[in-house]
Amino acid sequence: MYAFTYHRPKSVADAVALLGQFEDPKLLGGGQTLLPTLKQRLARPTDLIDLGQIPELQGIREEAGGLTVGAFTRHAQVAHSETVQRVIPALASLAEGIGDRQVRNMGTLGGSICNADPSADYPAAVVALKATVRTDRREIAGDDFFTGMFETALEPGEIVTAVHFQKPDKAAYAKFRNPASRYAIVGVFVAVFGSEVRVAVTGAGPSVFRADDMEAALAQDFRADALNGASVSADGLNADIHASADYRAHLVRVMARRAVEACG
């Protein structure tokens, strides 16, 4: 039996205040992780704080040469936004490939990155696009935000309000997806900023990471063939019923090549 009190704050300040009032509160975004967890009785919060009615957490705008996306913006909104498609089309493409239509219409950017699932797509974009995660307290560089499997740099009671993505010269995301869940068995986001190339890998390890050897190779010669001599070690990579660590290491290079080719 579920036994919690449901709250719908109208501002971030109200949500923060509610978090400090109760024994075991949980924030509710799109509910794509929390609701199944509740159904399995793996979480029993005393209070649910629904962030869906807070205007300052929503919306997409062009800002400071890039894009700022509210934490409660849903995947479908990112995918179909004319602004995202114009400024960072690779981000729109990534969002369109998340889950199925139902998931995209409910899941949120903030919920995805705060959950920090090792197979989620958005962490690759946050790292590759030199994003800044904004919270009610501070700004966190994308490179510093993800700290481990299902772990982030967020402090207790801290709420993500928006993510600012820098606009690359060119970028693309390619993933080898699980055919059922559409989670990334391996996903690679490649972004170019002048002479700097960033290659962010999700799905392969416990948390998103950058492929340094691939970045160095592509900075010298931005062609898919430049990756022939670059690789990612299988040590420490995920291994499960879907793919071994060795296979994931192989997929990183395959998806990186595809992303580079998609950059044109």
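In helix α10 (residues 212-220), the buried residues are M214, E215, A217 and L218; buried means under 20% relative accessible area, exposed over 50% and partly exposed in between, with a 1.4 Å probe and protein chains only. Viewed down the axis of α10, these buried residues lie within an arc of 165 degrees, so they line one face of the helix. The arc is taken from the directions from the helix axis to the C-beta atoms. D212, D213 and Q220 are exposed on the other side of α10. The cover over the buried residues of α10 includes β13 (196-202), β14 (209-210) and α11 (245-262), where contact means heavy atoms within 4.5 Å.

The model is predicted: local features need pLDDT of at least 70 and side-chain atom pairs count only at pLDDT 80 or more, while totals for chains, interfaces and linings use all residues. Residues are numbered from 1 along each chain as its sequence is written, and side-chain values use heavy atoms, without hydrogens and water. Helices (H or I, at least four residues) and strands (E, at least two) are DSSP runs numbered from the N terminus; strands pair if DSSP finds at least two bridges between them.

An open sheet is formed by five strands in the order β4-β5-β10-β6-β7, with antiparallel pairing. At its edges stand β4 (60-63) and β7 (139-141), each with a single partner strand, so one side of each has no neighbour in the sheet. Within the sheet, four bridges link β6 (residues 132-135) to β10 (residues 160-166) in the antiparallel sense, and R134 stands opposite A162 in β10.

Elsewhere, β2 (residues 25-28) and β3 (residues 47-50) run parallel and are joined by four bridges.
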